[in-house]
Amino acid sequence: MITGRILLILFILFVSCCKAYAGNLGFGVHSGYGVIKYEEHSAALGTNHEAESKQNVFLFGVSGEYSFPKPENFYAGITTDWAVGLENEETWKNNGTKSQTNDMRIFSQFYDFRFGYKDSVDSFYYRFYVSGGWDGLHFRRSNFVVSGTAVSGTVTEDFSLWRTGAGFGLGYKPGKWALDGRMAYSYYPMGSVKNSSYPAITFDTNGTCMDMGIGIAREITKRINFYAGVSYTLIELDESNIMRSGSKQVVFPNSKTEILLGVANLTYAF
């Protein structure tokens, strides 16, 4: 599976960095709860098509970071996230008129490898980094009601999005407490979408991702730190070219995914 290969590659890269030099190594676990909202729209096929879904979501993840002794202040890190949505209704409209409803469940996964620079000035600290990785979204739709008529069946949709980007973090720590903020921007140069309704077709897309967060951290011991805050992620993907499935024309529409979470993180430094 593609996720297994990604995890293996990131793990090898991270372990290789750690073996190459002696230095500081830290690991963290985090979780969160919030809401994920998905919207799409297109007028490419002659009608104004819109869809919208919102559901609660649980987030789980792990991270690792290695600080190089030389060159000083440089580091490498891995961050992974898995977001599991709780099933809710999705509503479809054509030319502003409600045309369909169905149940929808979203599962999202994010894998990010970072290389950057970090430093501090008095009580202020900062970091900058470049990143690359892969994001995957899986949608499962069922219990369709089309124009008032129940339709059986299940439709799945899988997004495979390769990402490159950059980010920064800023913080203020006068003592054991700290105020911490971050922001990152990524571009998807290669993206593909597979829909089980059209198994012979792969839709090509690209887009952008913006991720930001702010919160409060507390130094529990010299090795253990706790963080609690709010995180927001926005993923926007472009419409694909019109494709043909048999005698039918189909398209992947413009889409927007928003994830708003309350997050807690616990890190341990070796």
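Trainee: Among contacts between residues at least 6 apart in sequence, what percentage join residues at least 24 apart?

Mentor: A contact means heavy atoms within 4.5 Å. In this protein, 66% of the contacts between residues at least 6 apart join residues at least 24 apart. Bear in mind that this is a predicted model, where local features need pLDDT of at least 70, side-chain atom pairs count only at pLDDT 80 or more, and totals for chains, interfaces and linings use all residues. Residues are numbered from 1 along each chain as its sequence is written, and side-chain values use heavy atoms, with hydrogens and water left out.

Trainee: What is the mean pLDDT, and what percentage of residues reach 70 or more?

Mentor: pLDDT is the predictor's confidence in each residue, from 0 to 100. The mean for this protein is 92, and 91% of its residues reach 70 or more. Over residues 9–23 the pLDDT is below 50, and this stretch has 29 contacts in the model beyond near neighbours in sequence. Where pLDDT is low, the predicted coordinates should not be read in detail.

Trainee: How many helices and strands does the protein have?

Mentor: Helices (H or I, at least four residues) and strands (E, at least two) are DSSP runs, numbered from the N terminus. Here we have one helix and 13 strands, and from the N terminus the order is α-β-β-β-β-β-β-β-β-β-β-β-β-β. The C-alpha trace spans about 65 × 30 × 25 Å along its principal axes.

Trainee: Is Thr79 buried or exposed?

Mentor: Buried means under 20% relative accessible area, exposed over 50%, and partly exposed in between, with a 1.4 Å probe and protein chains only. Thr79 counts as buried because its relative accessibility is 17%. This residue lies in strand S3 (residues 74–85). Leaving aside neighbours within four places in sequence, its contacts include His30, Val62, Phe110 and Arg114. Across the protein, buried residues make up 40% of the 270 residues.

Trainee: How many aromatic pairs does a search of the whole structure find?

Mentor: Rings of Phe, Tyr and Trp (its six-membered ring) pair if their centres lie within 6.5 Å; planes under 30 degrees apart count as stacked, over 60 as edge-to-face and the rest as tilted. The search finds 17 such pairs. One of them joins Phe27 and Phe270, edge-to-face at 6.0 Å centre to centre and 85° between the planes. Phe27 is in strand S1 (residues 24–42) and Phe270 in the segment after strand S13 (254–269), so this pair ties together parts that are 243 residues apart in sequence. Phe27 is partly exposed at 38% relative accessibility, while Phe270 is exposed at 54%.

Trainee: Which residues do ring pairs link into a cluster?

Mentor: The cluster consists of Tyr66, Phe68, Phe74, Phe115 and Tyr117.

Trainee: Where is the cis peptide bond, and which residues other than glycine have a positive phi?

Mentor: Most residues other than glycine have a negative phi, and most peptide bonds are trans. In this model the bond from Lys70 to Pro71 is cis, with omega near -5°. Pro71 lies in the loop between strand S2 (49–67) and S3. Asn73 is also placed in the loop between S2 and S3, and its phi is positive, about 75°. With 30% relative accessibility, Asn73 counts as partly exposed. Asn143, for its part, has a phi near 55° and is found in strand S6.
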